[in-house]
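This tutorial takes up contacts between side chains and how to read them.

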Amino acid sequence: MEIEKSARLLYLYQDFIKGAGIQKKAAADRFGVNERSLQRDIEDLRCFFANQTPPGEIIYDARQKVYRLIERDTAHLSNSEVLAVCKILLESRSMRRDEMIPILDKLVGCCVPAEQRRAVVDLLANEKHLYIEPHHGKRLLDGLWELGEAIQKHLVTEITYEKLKGGETVLRTIEPVGLMFSEYYFYLVAFIRNIDKDTEFENPDDLFPTIYRVDRIRSFRVTDEHFQVPYLERFQEGEFRKRVQFMYGGKLQKIRFKYTGPSIEAVLDRLPTAEIEKQTEDGWIVRAEVFGKGIDMWLRSQGEYVQIQREGSHTNE
């Protein structure tokens with residue numbers, strides 16, 4: 001029995017939204033109409049989707065011999081973008097399984113059509129199954145959001161923190177200014193209030209913020225007290241990130257080293273402030289400005305280097 005046009009359009013609309021492919025002859029037989037009528041239905045829906053926000057486009061998939069709906073909105077992730085983000089998240093090993101897997105599943109749910117969604121699921125299945133959680137085993141997402149709000153609203157925060165060295169627990173009153181991620185861990189960047197720099201800091205003249213690993217924060221309380229951040233003195237995570245390596249404490253320093261490995265690109269990508277001074281017969285002479293002592297260990301693993309200047313400081317707890 002022929003189904004009325006309005007009902008056909010609703011059925012076809014639902015199929016397109018679900019990511020299904022519409023085979024014209026099969027759909028015409030399903031609704032009891034000829035293929036010409038079904039084609040007019042598709043054209044009506046093509047005009048409808050093109051005028052939506054975000055706009056959609058009905059295309060003909062010649063390989064599968066079906067019509068599909070695809071989105072043309074650049075604000076949404078494409079299938080390849082979803083796959084790339086999921087791969088990066090899995091490699092980061094930054095969260096517990098019960099926090100990581102739901103995020104991946106929600107991202108994969110953005111993929112259309114259904115066939116491509118299944119392809120992404122298959123590409124991620126083995127890594128999801130073998131996913132190894134970070135050893136700290138702490139839930140992070142709720143805490144990250146609360147700390148992010150404290151940063152955005154400039155609220156003084158009190159934390160109980162287990163230090164990296166010796167496992168000593170300390171109480172700190174801080175002015176949080178940034179959240180960062182590096183090699184498996186999230187970090188809170190903050191200025192400490194009411195601390196004796198002469199006894200606690202390697203360099204009492206340190207003007208830079210302190211780095212705290214978020215999973216080592218045993219507890220925290222965001223207060224109602226606001227702290228002032230003059231615009232010209234505001235903390236800039238992007239600039240700080242260029243110069244801090246491995247989240248180690250130490251001075252702001254200018255270094256010059258010789259790299260003799262196979263890929264200078266690996267060095268330049270690892271050190272955003274690095275500049276090639278000159279190329280030699282057996283390598284490259286590179287200059288960079290970085291925070292912390294972690295860079296020394298990394299450079300030793302990559303090739304010889306010569307340190308020429310150390311100035312300023314930075315603190316890591």
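The dialogue below goes through salt bridges, aromatic pairs, charges over rings and a surface patch.

Q: What kind of model is this?
A: It is a predicted model.

Q: How many salt bridges does the structure hold?
A: A salt bridge is counted when a side-chain nitrogen of Lys or Arg is within 4 Å of a carboxyl oxygen of Asp or Glu. The structure holds 21 of them.

Q: Which parts of the chain does the salt bridge between Asp15 and Arg30 link?
A: The side chains of Asp15 and Arg30 meet with N to O at 3.0 Å. Asp15 belongs to helix α1 (residues 5-17) and Arg30 to helix α2 (residues 24-31), so this pair, 15 residues apart, links distant parts of the chain.

Q: Is Asp15 buried or exposed?
A: Buried means under 20% relative accessible area. Asp15 has 16% relative accessibility and therefore counts as buried.

Q: How far apart are the closest N and O atoms of Arg46 and Glu43?
A: The closest N and O atoms of this salt bridge are 2.5 Å apart. Arg46 and Glu43 are separated by about one helical turn, because they are 3 residues apart in helix α3. Both ends are partly exposed: Arg46 has a relative accessible area of 24%, and Glu43 has one of 31%.

Q: Where do Arg218 and Glu162 lie?
A: Their salt bridge has its closest N and O atoms 2.0 Å apart. Arg218 is in strand β7 (residues 217-226) and Glu162 is in strand β3 (residues 155-162), so the pair ties together parts that are 56 residues apart in sequence. Arg218 counts as partly exposed at 40% relative accessibility, whereas Glu162, at 19%, counts as buried.

Q: Which residues are linked in a network of salt bridges?
A: Such a network links Lys5, Arg8, Asp41 and Asp44.

Q: What describes a pair of aromatic rings?
A: The distance of the centres and the angle of the planes describe it. In this structure the count comes to 10 aromatic pairs. One of them is formed by Phe16 and Phe49, with ring centres 6.3 Å apart and planes at 85 degrees, so the pair is edge-to-face. Planes over 60 degrees apart count as edge-to-face.

Q: Which helices does the pair of Phe16 and Phe49 tie together?
A: Phe16 is in helix α1 and Phe49 is in helix α3, so the pair ties together parts that are 33 residues apart in sequence. Both Phe16 and Phe49 are buried. Ring pairs also link these two with Tyr13 and Phe48 into a cluster.

Q: Where does the charged end of Arg213 sit?
A: The charged end of Arg213 sits over the ring of Tyr185, at 3.7 Å from its centre. Another case is Arg93, which lies over the face of Tyr184 at 5.4 Å from the ring centre.

Q: Which residues form a nonpolar patch on the surface?
A: Tyr13, Ile17 and Phe48 form such a patch, and together they have about 260 Å² of accessible area. Phe48 lies in helix α3 (residues 35-50). Phe48 counts as partly exposed because its relative accessibility is 38%.

How values were computed:
Residues numbered from 1 in each chain as written. Predicted model: local features only at pLDDT ≥ 70, side-chain atom pairs only at ≥ 80, totals over all residues. Heavy atoms only, no water. Patch = residues over 30% accessible without salt bridge, like charges linked within 9 Å, V, L, I, M, F, W, Y side chains within 5 Å. Areas by Shrake-Rupley, 256 points an atom, 1.4 Å probe, with all protein chains shown as cover. Helix = DSSP H or I, 4+ residues; strand = E, 2+ residues; numbered from the N terminus. Buried < 20%, exposed > 50% of the residue type's maximum accessible area, 1.4 Å probe, protein only. Phe/Tyr/Trp six-rings, centres within 6.5 Å; stacked < 30°, edge-to-face > 60°. Lys NZ or Arg CZ within 6 Å of the ring centre and 35° of its normal.
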